[in-house]
Amino acid sequence: MIEETLWHPVALACDLTQQPLAVQLLAHDIVLWRDAAAVPHAWADQCPHRGAKLSLGRVENGKLECPYHGWQFAASGQCVKVPALPSFTPPAAHCARTYAAQEAYGLIWVKLSASESAALPAFAAEADERLRKLNCGPYDVATSAPRLVENFLDMSHFGFVHEGWLGMRAATAIEDYKVEATPTGLLATHCKAWQPQSNVHSIAPAQVEYSYEVTAPYGAVLTKVPDAATVSVDGYRESIAMFICPITAQTSRVWFRLAVADFESPDDKLRDFQHTIFMQDKPVLESQRPQRLPLDLRAELHTAADKASSAYRRHLKNLGITFGVC
Ligand code: FES
Ligand SMILES: [Fe+2]
């Protein structure tokens with residue numbers, strides 16, 4: 001499955017401390033833990049001895065200890081101690097099932113398949129020191145990861161779902177915009193929206209120009225630059241990455257990584273704006289049926305205003321994505 005060859009976010013890095021942490025990815029139970037050097041590890045959450053959940057255990061001297069019979073596993077996955085047989089040296093086959101893990105964008109990322117190398121989804125704003133980075137979430141949502149990405153790319157819901165914030169009923173027309181294919185998905189540019197409250201610093205309604213990029217099958221980035229006269233902060237602009245953990249085909253965990261030209265506002269002020277917007281999206285997202293995104297374009301209706309989402313569906317189909325779609 002191609003999804004297993006990709007990196008997926010599974011937890012906030014700051015939530016993985018001394019205790020093992022249970023997460024789910026692509027319907028697999030996974031335990032996350034940190035060794036003595038604080039390096040994150042992701043393993044199958046199932047002890048190879050009798051199948052107990054390793055996430056119920058603890059970390060002892062940089063080793064993961066199973067809650068059931070206390071077997072200890074080194075960072076490599078190798079069992080190094082069987083307390084019931086103190087003089088026994090476990091053979092190489094006494095090993096936990098390990099996956100690749102790494103920390104980036106303030107999140108822990110996991111890749112289930114060892115067979116292919118893949119890059120993390122790009123977030124160009126990350127390297128821009130003039131932008132402050134901040135994560136919002138997690139949000140658990142009862143829908144598939146592709147439905148979430150498609151909603152993130154969708155502008156024609158602004159005047160209804162985000163009325164008074166990102167849109168208004170008096171200005172719902174979507175001007176033609178440009179969509180081009182990229183190696184990771186698509187780039188939509190010249191996306192324009194008339195927004196009463198475009199961002200946390202808006203002081204007047206504004207015509208805002210967006211660009212959207214699909215950076216991974218389950219990830220996207222938007223960048224918006226409001227007219228300077230409509231914000232209270234000089235040179236305000238923002239990029240927002242949506243990172244999604246496909247937990248099951250119909251449930252997802254989402255984080256937003258904000259990169260904003262604002263080093264003054266408290267974290268909560270920036271998070272509250274994003275939270276307000278996403279809480280408006282969530283009930284509609286969870287109401288969509290089917291929860292998986294239909295890739296057969298005949299299954300739902302499309303207009304020219306939806307061309308970014310139609311391109312996204314075609315991209316997932318061409319890639320051979322099967323998880324979270326139908
Ligand atoms: S089930 Fe893990 S040590 Fe026995
Ligand atoms: Fe929305």
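Colleague: How many residues sit between E12 and E13 in their hairpin?

Modeller: In this predicted model, the hairpin formed by E12 and E13 has 2 residues between its strands, a strand being a DSSP run of E of at least two residues, numbered from the N terminus. Residues are numbered from 1 along each chain as its sequence is written, and chains are lettered from A and ligands numbered from 1 in the order in which they are written. Local features need pLDDT of at least 70, side-chain atom pairs count only at pLDDT 80 or more, totals for chains, interfaces and linings use all residues, and side-chain values use heavy atoms, without hydrogens and water.

Colleague: And how many bridges join E12 to E13?

Modeller: Strand E12, residues 178-182, is joined by 5 bridges to strand E13, residues 185-195, and the two run antiparallel; DSSP has to find at least two bridges before strands count as paired.

Colleague: New topic, then: in what order do the strands of the open sheet come?

Modeller: The open sheet is made of 6 strands in the order E1-E10-E9-E4-E3-E2, with antiparallel pairing. Strand E1 (8-12) and strand E2 (21-25) have a single partner strand each and stand at the edges, so one side of each is left without a neighbour in the sheet.

Colleague: What about E9 and E10, how many bridges do they have?

Modeller: Strand E9, residues 98-104, pairs with strand E10, residues 107-111, in the antiparallel sense over 5 bridges, and Leu107 in E10 is the bridge partner of Ala104.

Colleague: OK, on to the rings: how many aromatic pairs does the structure hold?

Modeller: The structure holds 15 aromatic pairs, where rings of Phe, Tyr and Trp (its six-membered ring) pair if their centres lie within 6.5 Å, with planes under 30 degrees apart counted as stacked, over 60 as edge-to-face and the rest as tilted. In the case of Trp33 and Trp43, the ring centres are 5.2 Å apart and the planes stand at 80 degrees, so the pair is edge-to-face. This pair links distant parts of the chain, with Trp33 in strand E3 (residues 28-34) and Trp43 in strand E4 (residues 40-44), 10 residues apart.

Colleague: Is Trp33 buried or exposed, and what about Trp43, buried or exposed?

Modeller: Trp33 is buried, with a relative accessible area of 0%, and Trp43 also counts as buried, at 1% relative accessibility; the cut-offs are under 20% for buried, over 50% for exposed and partly exposed in between, using a 1.4 Å probe and protein chains only.

Colleague: How are the rings of Tyr105 and Phe243 paired, stacked or edge-to-face?

Modeller: The centres of the Tyr105 and Phe243 rings are 5.1 Å apart and their planes are at 15 degrees, so the pair is stacked. Because Tyr105 lies in the loop between E9 and E10 while Phe243 lies in strand E16 (residues 238-248), the pair ties together parts that are 138 residues apart in sequence. Tyr105 is buried with a relative accessible area of 14%, and Phe243 is buried as well, with a value of 2%.

Colleague: Last one, which residues form the aromatic cluster?

Modeller: One aromatic cluster is formed by Tyr139, Phe152, Phe158, Tyr210, Tyr212, Phe256 and Phe278.

Note on methods. Helices (H or I, at least four residues) and strands (E, at least two) are DSSP runs, numbered from the N terminus.
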